[in-house]
Amino acid sequence: MAPEKSPKPQQEVQQPDEGRRNFLKQSSLLTALAVAPPSLLKAAELRWDEKAVSYFEKVPLSLEVNGKAQQLTVEPRVTLLDLLREQLAQTGTKKGCDHGQCGACTVHVDGKRVLSCLSLAVMQDGKKVTTIEGLANVDQLHPMQESFIKHDGFQCGYCTPGQIMSGIACIREGHANSEDEIREYMSGNICRCGAYPNIVKAITEVKQGGQKV
Ligand code: FES
Ligand code: FES
């Protein structure tokens, strides 16, 4: 007995009505494009509609960043990290994971460490933000910066700004009393190069030196 022919796969079968509907849809779209005024097409191309909407959505924001008062307007969805890097050109703060998992974006808000990739800029209204650029006092590096250099606390340096900001916070929070404690409270800051032993030495020395951080 001859084997039965297997039925045609369903997706290959196009009903006459469906073909006509697709044709009508495409030709209506082409007609709409053909009769649209050139200015409308240009506006769509330049995405003016999105730009106009984002303009109206912006909200005012007052911040002090590294000692300088800033009056800004931002979209409510903008993170503190993107505001710092893209609007204020403070690119010392790094974007690693952008998901709160690496610590590269750590900054201080009112003296406390925060992951700027997880904070909306609008939540910081009226607050003081310090980034790695704001630590040094004119030509005098912050003691934690000095100590990182002295102890080779970095290799590629990408995680370093976040490590330094977190190291300072670790001391301020009273969590730098032993190497184990430092490691635990610095565990949110990932370094792919494995500079951890030197980072711990640097933080330990600043803590033991008793300088104000
Ligand atoms: S970039 Fe914010 S935690 Fe990684
Ligand atoms: S020094 Fe390379 S990732 Fe930290």
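Me: Contact means heavy atoms within 4.5 Å. Going by that, which residues does Thr93 touch, not counting those up to four places away in sequence?

Reply: Beyond those close neighbours, Thr93 touches Leu81, Arg85, Ala104, Cys105, Val107, Ser116, Thr131, Ile132 and Glu133. Before going on, this is a predicted model: local features need pLDDT of at least 70, side-chain atom pairs count only at pLDDT 80 or more, and totals for chains, interfaces and linings use all residues. Residues are numbered from 1 along each chain as its sequence is written, chains are lettered from A and ligands numbered from 1 in the order in which they are written, and side-chain values use heavy atoms, with hydrogens and water left out.

Me: Noted. Is Thr93 buried or exposed?

Reply: Thr93 is buried, because its relative accessible area is 2% (buried is under 20%, exposed over 50%, partly exposed in between, with a 1.4 Å probe and protein chains only). The residue is in the loop between helix 4 and strand 3 (helices are DSSP runs of H or I with at least four residues, strands are runs of E with at least two, both numbered from the N terminus).

Me: On to the sheet. In what order do the strands come?

Reply: The order is 2-1-5-3-4, in an open sheet of 5 strands with mixed pairing (two strands pair if DSSP finds at least two bridges between them). Strand 2 (68-74) and strand 4 (112-115) are the edges, and each pairs on one side only. Direction ignored, neighbouring strands are turned by 40 degrees against each other on average (axes are lines fitted to C-alpha atoms, for helices over the stretch in contact, and angles run from 0 to 180 degrees between N-to-C directions).

Me: What packs on the sheet?

Reply: Helix 4 (residues 80-87) does, touching strand 1, strand 2, strand 3 (106-109), strand 4 and strand 5 (128-130). The direction of helix 4 makes about 105 degrees with that of strand 2. Helix 6 (residues 160-172) also packs on the sheet, touching strand 3, strand 4 and strand 5, and its direction makes about 45 degrees with that of strand 3.

Me: How does strand 1 run against strand 2, parallel or antiparallel?

Reply: Antiparallel: 7 bridges join strand 1 (residues 59-65) to strand 2. The two form a hairpin with 2 residues between them, and Asn66 in the turn has a positive phi of about 50 degrees. Val59 is opposite Val74 in strand 2.

Me: And strand 1 with strand 5, parallel or antiparallel?

Reply: Parallel, through 2 bridges. Glu64 is opposite Lys128 of strand 5.

Me: What is the bridge partner of Pro60 in strand 2?

Reply: Thr73. Pro60, in strand 1, is exposed because its relative accessible area is 65%. Apart from residues up to four places away in sequence, Pro60 touches Leu72 and Thr73. Its C-alpha is 6.5 Å from that of Val74, which is 14 residues apart in sequence.

Me: Changing topic: which residues of helix 5 are buried?

Reply: In helix 5 (residues 143-150) they are Met144, Gln145, Ser147 and Phe148. Down the helix axis they fall within an arc of 165 degrees, so they line one face (the arc is that of the directions from the axis to the C-beta atoms). These residues pack against helix 6 and helix 8. After helix 5 comes Asp152, with a positive phi near 55 degrees.

Me: Which members of the largest nonpolar core touch the most other members?

Reply: Of its 21 residues, Met144, Phe148, Ile164, Ile171 and Ile203 do (a nonpolar core is a set of buried Ala, Val, Leu, Ile, Met, Phe, Trp, Tyr and Cys residues joined through side-chain atoms within 4.5 Å). Helix 5, helix 6 and helix 8 each supply at least two residues of this core. A second, separate core has 14 residues, including Leu83, Leu84, Leu88 and Val129.

Me: How many disulfides are there?

Reply: The whole structure has 0 (a disulfide is a pair of cysteine sulfur atoms within 2.5 Å). Cys159 is buried at 11% relative accessible area, and Cys170 is buried at 0%.

Me: Last one: where is Ile190?

Reply: Ile190 is in the loop between helix 7 (179-185) and helix 8 (196-209). Its relative accessibility is 39%, so Ile190 counts as partly exposed. Setting aside neighbours within four places in sequence, Ile190 contacts Gln101, Cys102, Cys159, Gln163 and Tyr196.
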